[in-house]
Amino acid sequence: MIRIYNTLSHQKEDFQPIEPGKVRMYVCGMTVYDYCHLGHARVLVAFDVVTRYLRHRGYDVQYVRNITDIDDKILRRADENGEDYRGLTERMIRAMHEDEAKLGVMSPNEEPRATGYIDEIVAMIHKLISGGHAYEAGNGDVYFAVDSFDDYGKLSRKKLEDLLAGARVDVQEAKRSPADFALWKAAKAGEVSWPSPWGDGRPGWHIECSAMSTECLGDTFDIHGGGPDLLFPHHENEIAQSECATGHRFVNTWMHVGAIRVNKEKMSKSLGNFFTIREILEKYRAEVVRYFLVSSHYRSQVDYSEDNLEEADRSLTRLYHALRGIVPAKESEVPETGHDREFTAAMDDDFNTAGAIAVLHAVANEINQFRRLGEEMPAKQAAAVLVRLGSVLGILQQDPEMFFQSDTGTELTAEDIEAMIQARADARKAKNFAEADRIRDELAEKGIILDDSREGTSWRRG
RNA sequence: GGCGCGGUGGCAGAGUGGUUAUGCAGCGGACUGCAACUCCGUGUACGCCGGUUCGAUUCCGACCCGCGCCUCCA
């Protein structure tokens, strides 16, 4: 039985999908006005792992992750760039797909865009108005009336009176209550807009997710996820809109990932201390970044630092060492092992990837022991288990030689290195160890490490 | 101020009412010409103070400290 921590109930719950064997999941994706940063990477990777694991456990997962391709920030950025907003969003969507592919994130089943669902959005707003949950403000805007929904605040545990007392709530003349939020924004002169019964305009931020998730997955679905800062107001508002519009419970399980921190501060756009995925991938390999993200629990806060990334690199390197020079047995011929069961136990417990990785290291240790004893078949079988479990986390899927020998950052070609290894082997044969060590040191200086074994010498990036 | 989360060995990071997390780093040994890789061994970790209990890092309460949301942000 899989247990998932539900933000709504603040506890782990047994996961029971609405339809047996099928999981409907919606995750709030990107607002595409800039490149993805590490926080996006965490959401992307976390829910990729959730999807992979649920499928591994036999569920048919319908994974929908939206793209917000119209909003204030997009229009402002496009304006700054002097480009059409669609040029900007198309470019950023392409970049996002490149980034996620590098991180080993599988594509969601559907990737709805806000601009593709204007009719559904307008229809939902219309429903809310006729139900008395929303109103035209007279300036062309339409707002959701927060006090029309008794359960408002149930996700974020906020009381309406506290929100109203807070000075930080945007006070706008047109709103009946400061906590009300826009469903439809009237277009300013020259802005891109869509026609609606309330005049030309564009959707508010929250309504698009209500409309798209309902359209793609139905009134009620199993899992809704997103970043930690979406909990309020975004997800709270989605609940209000959807439950008022459909009259049904919106989502059963709410999942939120933990924040990424940099130097003990939350990484955020407003603080300007964020790293884009592209920047990070210039310094670290994508699989190392993924391993770093997966090696702590998705709900915990993680600190981005060079030390932590380098440690992740060494730890992942250990796993690949276990797979190096070995041809794993055919997966189908390797029955479920105790390690599979330990892995499942960890992952069943709210996707405990840290515990799952500990199992991977136990398997690696087992492989190394078998190899040491020359027990080839057991080693190959264990290697198959390691690759099999790694695939659920989206790691250990590349050829170990690729992991060790790609992107070395040296000017040396593989042929150069092989030639030097041969020269060193000759020197060793002649017992000229000074020369042999000189060659090894020279390679080490250029970032190439040699590993000797009975079968010969192999090399890897430092 | 309101709401919520967390404090685990040198570092990262799981977990548990009594028994090994795991990784990185360190130390000792094996392997090696020497290294690297690997294997074996090695650390009286659980913020502080009370309480419950035969026994608490794990449950309860207070306290201290850190963090997040309450505003665009994943």
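Predicted model: local features only at pLDDT ≥ 70, side-chain atom pairs only at ≥ 80, totals over all residues.
Visitor: What makes up chain A, and how much of chain A counts as buried?

Guide: Chain A holds 16 helices and 15 strands. Of its 462 residues, 50% count as buried. Along the principal axes, the C-alpha atoms fill a box of roughly 90 × 50 × 35 Å.

Visitor: What share of the contacts in chain A with a separation of 6 or more comes from residues 24 or more positions apart?

Guide: Such residues account for 74% of those contacts.

Visitor: Let us turn to helices. Why are H11 and H12 called roughly antiparallel?

Guide: Look at the angle. Helix H11 covers residues 338-348, and helix H12 covers residues 353-372. They pack at about 165°. Angles over 145 degrees count as roughly antiparallel. H11 and H12 are therefore roughly antiparallel to each other. Their axes are 7 Å apart, and the crossing is right-handed.

Visitor: Which residues make the contact between H11 and H12?

Guide: H11 supplies His 339, Glu 342, Phe 343, Ala 346 and Met 347. From H12 come Thr 353, Gly 355, Ala 356, Val 359, Leu 360, Ala 362, Val 363 and Glu 366. By class, that contact has 8 nonpolar, 3 polar and 2 charged residues.

Visitor: What lies in the loop between H11 and H12?

Guide: Phe 351 lies in that loop. Its phi is near 55°, a positive value in a residue other than glycine.

Visitor: Why is Phe 351 called buried?

Guide: Its relative accessibility is 2%. Buried means under 20%. Phe 351 therefore counts as buried.

Visitor: Where is Lys 431, and what is its phi?

Guide: Lys 431 sits in the loop between helix H15 (414-429) and helix H16 (433-445). Phi of Lys 431 is near 60°, again positive in a residue other than glycine.

Visitor: Is Lys 431 buried or exposed, and how do you know?

Guide: The relative accessible area of Lys 431 is 63%. Exposed means over 50%. Lys 431 is therefore exposed.

Visitor: Which residues of H1 and H13 meet?

Guide: Val 49, Arg 52, Tyr 53 and His 56 in H1 meet Ser 391, Val 392 and Leu 393 in H13. By class, this contact has 4 nonpolar, 2 polar and 1 charged residues.

Visitor: Now the strands. How do you know that S1 and S2 pair?

Guide: Two strands pair if at least two bridges are found between them. Strand S1 (residues 3-6) and strand S2 (residues 11-14) are joined by 4 bridges. S1 and S2 therefore count as paired. They run antiparallel. Arg 3 stands opposite Asp 14 in S2. The hairpin has 4 residues between the strands, and His 10 there takes a positive phi near 60°.

Visitor: In what order do the strands of the open sheet run, and why are S5 and S8 called edges?

Guide: The order is S5-S6-S7-S8, with antiparallel pairing. Strand S5 (134-136) and strand S8 (201-203) each have a single partner strand, so one side of each is left without a neighbour in the sheet. The twist averages 20° from one strand to the next.

Visitor: How many bridges join S6 and S7?

Guide: Strand S6 (residues 142-144) and strand S7 (residues 181-186) pair over 3 bridges, in the antiparallel sense. Phe 144 has Phe 181 in S7 as its bridge partner.

Visitor: Why does Thr 253 count as buried?

Guide: Thr 253, in strand S10 (residues 251-256), has 6% relative accessibility. The cut-off is under 20%. Thr 253 therefore counts as buried. Leaving aside residues up to four places away in sequence, Thr 253 touches Ile 4, Tyr 5, Asn 6, Phe 15, Asp 222, Ile 223 and His 224.

Visitor: What makes the bond between Phe 232 and Pro 233 cis?

Guide: Omega is about 0° at this cis peptide bond. Pro 233 has its place in helix H7 (residues 231-246).

Technical notes:
Residues numbered from 1 in each chain as written. Chains lettered and ligands numbered in written order. Heavy atoms only, no water. Axes fitted to C-alpha atoms, helices over the stretch in contact; angles between N-to-C directions. Helix = DSSP H or I, 4+ residues; strand = E, 2+ residues; numbered from the N terminus. Parallel < 35°, antiparallel > 145°, perpendicular 65-115°, else oblique. Left-handed = near helix turned anticlockwise from the far one by under 90°. Contact = heavy atoms within 4.5 Å. Nonpolar A, V, L, I, M, F, W, Y, C, P; charged D, E, K, R; others polar. Buried < 20%, exposed > 50% of the residue type's maximum accessible area, 1.4 Å probe, protein only.
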